[in-house]
Amino acid sequence: MSTAGYAGWLRLRRRVVVLRLPGWDSRRGQRRWFQAVVGFCVLALAPSAWLWTGTAGRVGSVESAPAAPVAVVFGAGLFDGEPSPYLAHRLDAALALYEQHKVRAILVTGDNGRNDYDETDAMRGYLIDRGVPGVRVVGDHAGFDTWDSCTRARRIFGVDRAVLVSQGFHVRRALALCEAAGIDAYAVGVTEEQDATWYYGGLREIPGAGKAALDALFRPDPALLGRQEGGIPRALADSTP
């Protein structure tokens with residue numbers, strides 16, 4: 001090895017030594033660091049385990065879904081003002097529930113926090129264009145996150161029993177939160193190709209599960225509460241023969 005190469009190796013070795021974790025030089029210290037990492041992983045994954053165990057038996061497909069008054073569809077983004085592919089698949093599942101007479105009204109809940117971004121009207125338009133009467137599609141423009149959508153569905157729109165529609169990686173969190181909000185719910189998990197968006201959505205659910213556990217425990221008010229809306233009762237009255 002040349003003198004310059006040996007000097008560079010020494011500099012790298014010094015940096016590695018500096019970056020060593022406190023206590024790493026002893027077996028006891030390494031064992032403590034290992035236990036800390038394992039403990040952190042357990043705490044991080046505990047909310048996800050709670051979601052899976054707490055929603056067992058209540059997640060399925062359009063075909064297995066029981067009848068309920070309302071389907072609740074959660075927003076999933078827009079492309080050029082139109083529902084994204086993931087959102088369109090959710091809306092297609094809700095449309096199938098409606099056409100199979102499993103639900104009588106559809107609540108679409110999304111983000112309309114800016115004048116130039118309106119998930120809710122885009123979702124309503126998608127369903128109305130495909131034959132659902134406008135009175136049967138009710139929009140919640142303040143569904144800024146899953147908890148807000150669930151608690152507003154119960155407190156603002158009076159939904160007490162529903163079929164929830166979202167992708168499989170998200171629908172258990174939605175189900176747990178809607179149950180915490182007081183809605184007797186069943187969830188339809190829309191299947192998707194396991195592409196980059198699917199994996200990203202799954203990774204987001206790890207911190208999302210932690211937030212969901214806190215929301216279910218403390219049940220905070222949504223970002224916007226407001227007065228009760230009569231859209232769902234009107235939609236159900238319209239569907240009565």
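Close-up 1. Helices (H or I, at least four residues) and strands (E, at least two) are DSSP runs, numbered from the N terminus. Please keep in mind that this is a predicted model, in which local features need pLDDT of at least 70 and side-chain atom pairs count only at pLDDT 80 or more, while totals for chains, interfaces and linings use all residues. Residues are numbered from 1 along each chain as its sequence is written, and side-chain values use heavy atoms, with hydrogens and water left out.

Close-up 2. Two strands count as paired if DSSP finds at least two bridges between them. Strand 2 (residues 70-74) pairs in the parallel sense with strand 7 (residues 161-167) over four bridges, and here Ala 71 stands opposite Val 163 of strand 7. Strand 2 also pairs with strand 5, again in the parallel sense, over five bridges; look for Phe 74, whose bridge partner in strand 5 is Thr 109.

**Close-up 3. Strand 5 is largely enclosed by the rest of the structure.** Five of the five residues of strand 5 (residues 105-109) are buried, so the rest of the structure largely encloses this strand. Buried means under 20% relative accessible area, exposed over 50%, and partly exposed in between (1.4 Å probe, protein chains only). Ala 105, Leu 107 and Thr 109 point one way, Ile 106 and Val 108 the other way, and all are buried. Strand 5 is joined to the parallel strand 6 (residues 137-140) by four bridges, and Gly 139 in strand 6 is the bridge partner of Val 108. Together, strand 5, helix 4 (residues 119-129) and strand 6 make a right-handed β-α-β unit: with the strands pointing away from the viewer, the path from the first strand over the helix to the second runs clockwise.

**Close-up 4. A disulfide joins Cys 150 to Cys 178.** The S to S distance is 2.3 Å, and the link is left-handed, with -80° about the S-S bond. The pair links distant parts of the chain, with Cys 150 in helix 5 and Cys 178 in helix 6 (residues 168-180), 28 residues apart. A disulfide here is a pair of cysteine sulfur atoms within 2.5 Å, and by this rule the count comes to one. Cys 150 is buried at a relative accessible area of 0%, and Cys 178 counts as buried at 1%.

**Close-up 5. Arg 136 sits in the loop between helix 4 and strand 6.** Leaving aside neighbours within four places in sequence, Arg 136 is in contact with Tyr 98, Arg 104, Ala 105, Ile 106, Ala 235, Asp 238 and Ser 239.

Terms used: Contact = heavy atoms within 4.5 Å.
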